[in-house]
Amino acid sequence: MRMGGKGWLLLLFGLFPAMPSLAWDWAGNMAVEGRTFFQSPLDPRQYDNDASISLEPELAREWHDGRDIFVFRPFGRLDARDEERSHWDIRELHWTHVGDGWETLVGVSRVFWGVTEAWHLVDVINQTDLVEDPDAEDKLGQPMVKLSLEQDWGTLDLFLLPGFRERTFPGADGRIRTHPRVDTDLTSYQSGREWKRVDLAARWSRYIGEWDIGLSLFHGTGRDPLLLPAVNGKGEQVLAPYYELIDQASIDLQATLGQWLWKLEALYRHSDNDSFYAWTGGFEYTIVGVADSAADLGLLAEVLYDQRGDQSATPFNHDAFLALRWTANDEQSSELLAGFIVDWKYGSTLLNLEGSRRCGQRWKASLILRAWLNTDERGLLYPFRNDDYLQLELARYF
Amino acid sequence: MRILLLLLLSLFAVGATAETAEEKGLAIAREVDQRDSGWGDFQAHMDMLLRNRHGEESLRKMRIKSLEVKDDGDKTLIVFDEPRDVKGTALLTFSHKVKDDDQWLYLPALKRVKRIASRNKSGPFMGSEFAYEDLASQEVEKYTYKYLRDDLLDGTPVFVIERYPVSRYSGYKRQVVWVDKQRYIPLKIEYYDRKNSLLKTLTFEGYRKYLDQYWRADRMFMQNHQTGKSTLLTWKDYRFRTGLKDSDFTRNSLKRVR
């Protein structure tokens with residue numbers, strides 16, 4: 001963790017004596033991962049094959065009959081080729097206290113908002129740990145103070161977010177990156193308080209029959225940086241992340257109607273630079289017991305739209321997502337998700353295949369195959385055109 | 001007037017003596033339900049030993065919390081401990097008497113709470129021989145009934161009744177239930193698939209009485225006759241009336257399960 005790591009460690013050791021002596025609950029996993037790329041890189045510094053190991057233990061403890069919960073979940077990866085991908089982070093380090101109809105959380109945590117599958121539009125509390133996976137689903141731990149009120153009218157979550165986390169980007173040697181690369185040493189902020197600014201967020205959510213609804217507000221430094229051309233100290237052409245102040249309002253909605261899940265996420269975001277709306281939505285239809293087997297087959301379709309169009313900071317601005325999800329429902333929990341996201345304006349296509357299977361009680365093997373096809377130079381996927389890759393991971397859980 | 005009265009009386013008499021097989025089946029199901037209501041809440045541990053036709057085994061460990069809801073189905077929270085890759089995964093179910101259950105799944109890796117389609121009820125639960133609907137709260141309204149016969153099961157006097165799932169999403173055409181005549185608890189259930197072939201047999205073993213009234217089996221053994229696979233479900237550490245509340249069964253409570 002680049003920022004404040006020592007401070008959080010001190011906080012952790014400060015918490016130890018305060019806790020009654022109950023058994024610690026241990027869990028987590030360690031994994032080896034290999035990646036192989038099918039084409040030569042655009043930049044000769046980039047690697048062709050990579051190997052890495054990761055460790056993510058979790059230490060937890062409950063007391064007062066589960067009314068108080070402490071969780072510590074660090075994460076670390078050692079990467080053979082990309083020094084930016086060798087990194088560590090505190091995913092969770094928090095104390096939760098549960099009252100009657102309310103709950104507080106103090107520390108570092110992760111929060112997920114949203115319902116869609118291809119792209120998590122309204123999920124803005126945590127920064128993306130992009131070096132982990134280009135799908136942007138891995139998140140860095142965010143320092144926070146959270147108050148949740150759980151009442152008949154729904155759940156209201158209020159967040160105070162001190163300490164901004166910078167997005168991680170692959171290094172010069174890394175694959176699946178921009179050209180030129182992003183140099184995080186040149187990070188700048190709109191806010192004069194830079195990463196020390198305290199951001200605010202609020203969310204109301206509830207379910208009514210078949211409907212799950214969430215309304216969220218965010219005020220502070222946006223998690224998505226603008227990448228501006230710059231020259232670093234070594235005279236290298238790079239991109240410099242610039243984090244703007246934003247105000248964002250969003251809605252996420254799911255209707256669960258029999259075998260159909262209908263989903264929508266939409267947001268309006270305002271900054272000095274730009275104001276726009278974006279939405280993503282679609283459905284997931286599940287055929288249960290397909291072809292007289294125990295397996296389920298899901299059909300997924302979603303639309304991804306961003307009003308900024310070609311000026312979007314996201315690659316998915318006028319795109320459609322189509323996929324099949326096969327769930328074997330066997331002892332090994334075998335799963336396969338196969339699909340693509342296609343830009344309907346330029347035809348750029350991201351092919352995505354993700355599979356996993358348990359081996360025995362404690363091992364799990366996963367596979368990812370990604371290919372960028374027919375990439376158009378006007379799209380943000382263009383720099384990845386030579387980065388088609390296969391990734392295999394073997395994880396041991398404990 | 002007198003004739004009308006006589007007519008009514010005779011109708012009533014006929015009704016009382018000639019209870020149909022459907023009425024008798026329903027009455028038995030109601031009595032089973034009636035005797036098992038009022039337990040309030042419980043917590044327990046659940047182990048599932050899965051065995052395939054080659055004798056290879058794998059183990060599932062779960063904790064379950066359940067809250068009885070007046071005039072509706074129960075609320076249930078299941079937390080997984082084993083296998084370790086799904087540790088912390090939790091399933092929250094609000095079951096209903098007639099309409100579809102509401103179900104949310106918590107995925108700890110993403111810290112995501114997902115509302116899922118509860119109509120996937122015929123699917124296997126965690127790769128076991130138990131379907132979701134086998135483990136769901138057994139509301140009277142979820143089936144129609146027919147009494148078949150009185151019988152003896154291993155020397156125990158039983159009613160044998162047949163029940164037909166109301167939901168068209170059920171994986172079964174019918175089930176045959178052996179109900180202990182004295183205690184009104186199921187001892188054996190045969191499941192027939194949509195094509196009316198015998199699919200599975202569930203046997204209940206080691207019944208114990210809790211709170212001086214409620215019978216719970218220590219072991220439930222499900223044998224699949226079509227695949228040769230089986231699952232032994234073992235219940236441990238039953239605790240009743242532990243003071244669980246609605247607030248222990250919310251989407252937020254899913255995120256803090258350990």
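This is a predicted model: local features need pLDDT of at least 70, side-chain atom pairs count only at pLDDT 80 or more; totals for chains, interfaces and linings use all residues.

Colleague: Is strand β12 of chain A mostly covered or mostly exposed?

Modeller: Mostly covered. Five of the seven residues in β12(A), residues 237-243, are buried.

Colleague: Which sense does β11 take with β12 in chain A, parallel or antiparallel?

Modeller: Antiparallel, over six bridges. One bridge joins A:Ala230 to A:Val238. The hairpin of β11(A) and β12(A) has five residues between the strands, and A:Gly235 there has a positive phi near 80°.

Colleague: And β8 with β12(A)?

Modeller: Strand β8 of chain A, residues 188-189, pairs with β12(A) in the parallel sense, over two bridges. There, A:Ser188 has A:Tyr242 as its bridge partner.

Colleague: Switching to rings. How many aromatic pairs are there over all chains?

Modeller: The search finds 32. Take A:Phe164 and A:Tyr243: their ring centres are 4.7 Å apart and their planes are at 65°, so the pair is edge-to-face. A:Phe164 is in the loop between β7 and β8 of chain A and A:Tyr243 is in strand β12 of chain A, so the pair ties together parts 79 residues apart in sequence.

Colleague: Is A:Tyr243 buried or exposed?

Modeller: A:Tyr243 is buried, at 1% relative accessible area. A:Phe164 is buried too, with 1%.

Colleague: What sits over the ring of A:Tyr382?

Modeller: The charged end of A:Arg385, 3.8 Å from the ring centre. In chain B, B:Arg183 lies over the face of B:Trp215, at 4.8 Å from the ring centre.

Notes:
Residues are numbered from 1 along each chain as its sequence is written. Chains are lettered from A and ligands numbered from 1 in the order in which they are written. Side-chain values use heavy atoms; hydrogens and water are left out. Buried means under 20% relative accessible area, exposed over 50%, partly exposed in between (1.4 Å probe, protein chains only). Helices (H or I, at least four residues) and strands (E, at least two) are DSSP runs, numbered from the N terminus. Two strands pair if DSSP finds at least two bridges between them. Rings of Phe, Tyr and Trp (its six-membered ring) pair if their centres lie within 6.5 Å; planes under 30 degrees apart count as stacked, over 60 as edge-to-face and the rest as tilted. A charge sits over a ring if NZ of Lys or CZ of Arg is within 6 Å of the ring centre and within 35 degrees of the ring normal.
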